Amino acid sequence: MASLNKVMLLGNLTRDPELRYAPNGTPIANFGMAINRRYRQGEEWREEVCYIDIVTFGRQAETVGEYLSKGNLAMIEGRLQWRSWETEDGQKRSKHEVVANNVQFMPRMQGDGGGMGVPGGGRADSASAPPSRNTYAPPRDTMPPPEMPMPEDDDIPF
């Protein structure tokens with residue numbers, strides 16, 4: 001049976017990345033993200049926040065440690081991983097985390113009052129983030145594209 005393990009997330013960092021190095025010298029960065037979901041329940045809008053731990057390795061880890069900080073918006077592409085370990089006092093622990101293959105730094109939106117899901121709105125400045133040439137502006141027209149007419153049976157070439 002075929003399997004697929006692919007994760008894409010867009011959210012704000014909930015803490016500064018922690019950069020460390022494995023005994024063999026491989027850089028490892030760990031950080032948390034908050035991903036918001038807005039939904040309507042009856043007549044009112046509700047918001048749900050999902051907190052996810054992220055880990056990345058190599059040059060990507062060094063770049064994350066250098067340029068990202070709490071409150072920054074980022075898009076993560078990677079895979080879900082389950083890890084288990086035993087604490088020093090013998091307790092068994094486990095958790096799911098996302099191993100990021102690609103971390104895309106996202107620019108701050110104009111008028112962004114703070115981070116999604118970050119208590120206190122995250123950082124007010126983005127001085128540590130690399131400058132971006134593009135600025136995100138949400139589309140003003142939220143109408144879906146017009147439906148295309150279905151082809152007639154005679155128009156299908158097979």
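The reply below covers the strand pairing, then the helix and its cover.

Reply: This is a predicted model, where local features need pLDDT of at least 70, side-chain atom pairs count only at pLDDT 80 or more, and totals for chains, interfaces and linings use all residues. Residues are numbered from 1 along each chain as its sequence is written, and side-chain values use heavy atoms, with hydrogens and water left out.

Start with the inventory. Helices (H or I, at least four residues) and strands (E, at least two) are DSSP runs, numbered from the N terminus. Along the sequence the pattern reads β-β-β-β-α-β-β.

Now the pairing. Two strands pair if DSSP finds at least two bridges between them. Take strand β1, residues 7-13. Five of its seven residues are buried. Buried means under 20% relative accessible area, with exposed over 50% and partly exposed in between (1.4 Å probe, protein chains only). β1 pairs with strand β5 (residues 73-86) in the antiparallel sense, over six bridges. There, Met 8 has Glu 77 of β5 as its bridge partner. β1 also runs antiparallel to β3, joined by two bridges. Leu 13 stands opposite Met 33 of β3.

β5 continues to β6. These two strands run antiparallel and share 13 bridges. Trp 82 is bridged to His 96 in β6. The hairpin of β5 and β6 has five residues between the strands. Gly 90 in this hairpin takes a positive phi near 90°.

β6 has a parallel partner too: two bridges join it to β4. Ile 54 finds its bridge partner, Val 98, in β6.

Next, the helix. α1 spans residues 58-67. Its buried residues are Gly 58, Gln 60, Ala 61, Thr 63 and Val 64. What covers them? The cover includes β2 (18-21), β3 (27-41), β4 (44-57) and β6 (92-105).

Finally, the chain as a whole. Buried residues make up 26% of its 158 residues. Among contacts with a separation of 6 or more, 59% are between residues 24 or more positions apart. The accessible surface comes to about 11900 Å², by the Shrake-Rupley method with a 1.4 Å probe; for residues, only the protein chains shown count as cover. Carbon and sulfur atoms account for 51% of that surface.

Definitions and conventions: Contact means heavy atoms within 4.5 Å.
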